[in-house]
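Subject: Structure handover

Hi,

Here is the structure we talked about. Please open it first, then read my notes below.

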Amino acid sequence: DVAPTIPSEYSRIYVLTSGDNLVIEQVNYLPNFTVIKVGKYTIHTLIYDARESSINFLDLGIVKFGETTGVDVLGIVTENGLCA
């Protein structure tokens, strides 16, 4: 595996999703998660701009754990032309 290249001033976070719909369950700064239910889980690496003053700012405050999907977040990135 090749580690992702992280542009200066960008952040990395790991996202745990569940099921085929990729429902966001947890986030962490390390790829370590504890789950209590058996199921299908995927860990994703998200490189994003967390600076509110940036034109590429990705506001992760919209994420509702157990509801928001990875596809929802990808849609925000795509619709707004963000670099993430």
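Start with S18. S18 is buried, with a relative accessible area of 15%. Buried means under 20% relative accessible area, exposed means over 50%, and partly exposed lies in between (1.4 Å probe, protein chains only). S18 sits in strand 1. Leaving aside neighbours within four places in sequence, S18 is in contact with V23, E25, K40 and Y41. Contact means heavy atoms within 4.5 Å.

Some ground rules. This is a predicted model, where local features need pLDDT of at least 70, side-chain atom pairs count only at pLDDT 80 or more, and totals for chains, interfaces and linings use all residues. Residues are numbered from 1 along each chain as its sequence is written, and side-chain values use heavy atoms, with hydrogens and water left out.

How confident is the predictor? pLDDT is its confidence in each residue, from 0 to 100. The protein averages a pLDDT of 94, and 99% of the residues score at least 70. Confidence is highest in strand 2, at 97, and lowest in helix 1 (residues 70-79), at a mean of 94.

Now the overall plan. The protein has one helix and three strands. Helices (H or I, at least four residues) and strands (E, at least two) are DSSP runs, numbered from the N terminus. From the N terminus on, the order is β-β-β-α. The radius of gyration is 13 Å, close to the 12 Å that the globule rule gives for 84 residues, so the protein is as compact as a globular protein of that length. That radius is taken over C-alpha atoms; the rule is 2.2 Å times the number of residues to the power 0.38. Buried residues make up 29% of the 84 residues.

Three strands form an open sheet in the order 2-1-3, with antiparallel pairing. The edge strands are strand 2 and strand 3 (41-48), and each pairs on one side only. Two strands pair if DSSP finds at least two bridges between them. Strand 1 (residues 11-18) and strand 2 (residues 23-28) pair over five bridges. There, the bridge partner of L16 is Q26 in strand 2. Strand 1 and strand 3 pair over eight bridges. R12 stands opposite I47 in strand 3.

L22 lies in the loop between strand 1 and strand 2. Phi of L22 is near 55°, a positive value in a residue other than glycine. L22 is partly exposed, with a relative accessible area of 25%.

E9 is another residue to check. E9 is in the segment before strand 1. Phi of E9 is near 75°, again positive in a residue other than glycine. At 53% relative accessibility, E9 counts as exposed.

Last, the helix. Which residues of helix 1 are buried? They are V73, G75 and V77. The buried residues of helix 1 pack against strand 2. Helix 1 is followed by G81, whose phi is positive, near 60°.

Best wishes

How values were computed. pLDDT = per-residue confidence, 0-100.
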